[in-house]
Amino acid sequence: MSEPDKTVSKFVYGLDPVYNSIKKRFWDFYKIDLSFHMESMTRLSTRFEEGFDFVPMSASMFETALKEAGFENDKRERHFGFIPSVGTLAALATNGEGYRERGSPSLHCAVASSVCSVHLDNVGFRMDSYGPDAGQHIIDELGWQDKIVRPLRKVLPDAVVDFLHRFHPVVPNSRQFKPFSQVGVEFDIASGRSRNLQQQWRVTIDLTHACSNSTCDVWRKINGKSIEGENQVMLMFKVVGM
């Protein structure tokens, strides 16, 4: 069902698993009472990856709470004055200032004076600085899931859009069995999460190809290894975020 652009009642979101799980994570991990910062909710998704929007009691107070909890700001710097950084690319999709949890998965919060939003990124890439999984996040979650598939909900049935959300383009990343070793596509048959959202399990069809020196040279240099391999199609059970 498409999400209406109107206020969501407290009764509805108070019983919602997406809101309550994210609220619980804020409290358990950071002692932030999310309800204290919310004046009203304006959008609520059925997917953790899309989360919800709300009108803040005070955007500056919410931003201060995030900073004090150690959330990292998406810096909009440019290398050599013109090459956009990872933070700049990530911030392009953010209304206001973006703040992320360190580690993976990670809550991503957008803070603006009129509206704030919170969702869960499956692939976190903030460590002490930007981590090597930023490419996977940008290509899958920011590009495919958010910018391509989600807008299709306006013109396609929800069942079709939910099916498309199950596809995940894959680039070399640290979560692979052999880190930085695969490119291709994965398709989720089923998935679920722990109560605190820290672990995610997935049953997925893995349609990837092991990197060669020519196709994955950048990630090979990051990893410091030469990786060769064959195409693979297999059913995989994965648990991430341990």
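Analyst: A salt bridge is a side-chain nitrogen of Lys or Arg within 4 Å of a carboxyl oxygen of Asp or Glu. The structure is a predicted model, in which local features need pLDDT of at least 70 and side-chain atom pairs count only at pLDDT 80 or more, while totals for chains, interfaces and linings use all residues. Residues are numbered from 1 along each chain as its sequence is written, and side-chain values use heavy atoms, with hydrogens and water left out.

User: How far apart are the closest N and O atoms of D146 and K147?

Analyst: D146 is buried, because its relative accessible area is 18%, and buried means under 20%, exposed over 50% and partly exposed in between (1.4 Å probe, protein chains only). K147, with a relative accessible area of 49%, is partly exposed. The two residues form a salt bridge, and their closest N and O atoms are separated by 3.6 Å.

User: How many salt bridges does the rule count?

Analyst: Side chains of opposite charge can pair when their charged atoms come close. Applied to this model, the rule gives a count of 15 salt bridges.

User: Which strands are linked by the salt bridge between R202 and E186?

Analyst: The closest N and O atoms of R202 and E186 are 2.9 Å apart, in a salt bridge. The pair links distant parts of the chain, 16 residues apart. R202 counts as buried at 6% relative accessibility, and E186 counts as buried at 9%. R202 lies in strand β11 (residues 200–210), and E186 in strand β10.

User: Are Y13 and Y19 buried or exposed?

Analyst: Both residues belong to an aromatic cluster whose members also include F26 and F29. The relative accessible area of Y13 is 8%, and that of Y19 is 3%. Therefore Y13 counts as buried, and Y19 likewise counts as buried.

User: How many residues apart in sequence are the parts tied together by F167 and F187?

Analyst: F167 and F187 form a tilted aromatic pair, 4.8 Å centre to centre with 55° between the planes. F167 is partly exposed at 27%, whereas F187 is buried at 15%. Because F167 lies in strand β9 (residues 167–170) and F187 in strand β10 (residues 182–193), the pair ties together parts separated in sequence by 20 residues.

User: How far apart in space are R25 and Q198?

Analyst: R25 lies in helix α2 and is buried at 1% relative accessibility. Leaving aside neighbours within four places in sequence, R25 is in contact (heavy atoms within 4.5 Å) with residues including Y30, E101 and Q198. R25 and Q198 are 173 residues apart in sequence, yet their C-alpha to C-alpha distance is 8.7 Å.

User: How many of the protein chain's residues count as buried, as a percentage?

Analyst: The secondary structure of the chain comes to 7 helices and 12 strands. Among contacts between residues at least 6 apart in sequence, 55% join residues at least 24 apart. Of the 242 residues of the chain, the buried share is 45%.

Note on methods:
Helix = DSSP H or I, 4+ residues; strand = E, 2+ residues; numbered from the N terminus. Phe/Tyr/Trp six-rings, centres within 6.5 Å; stacked < 30°, edge-to-face > 60°.
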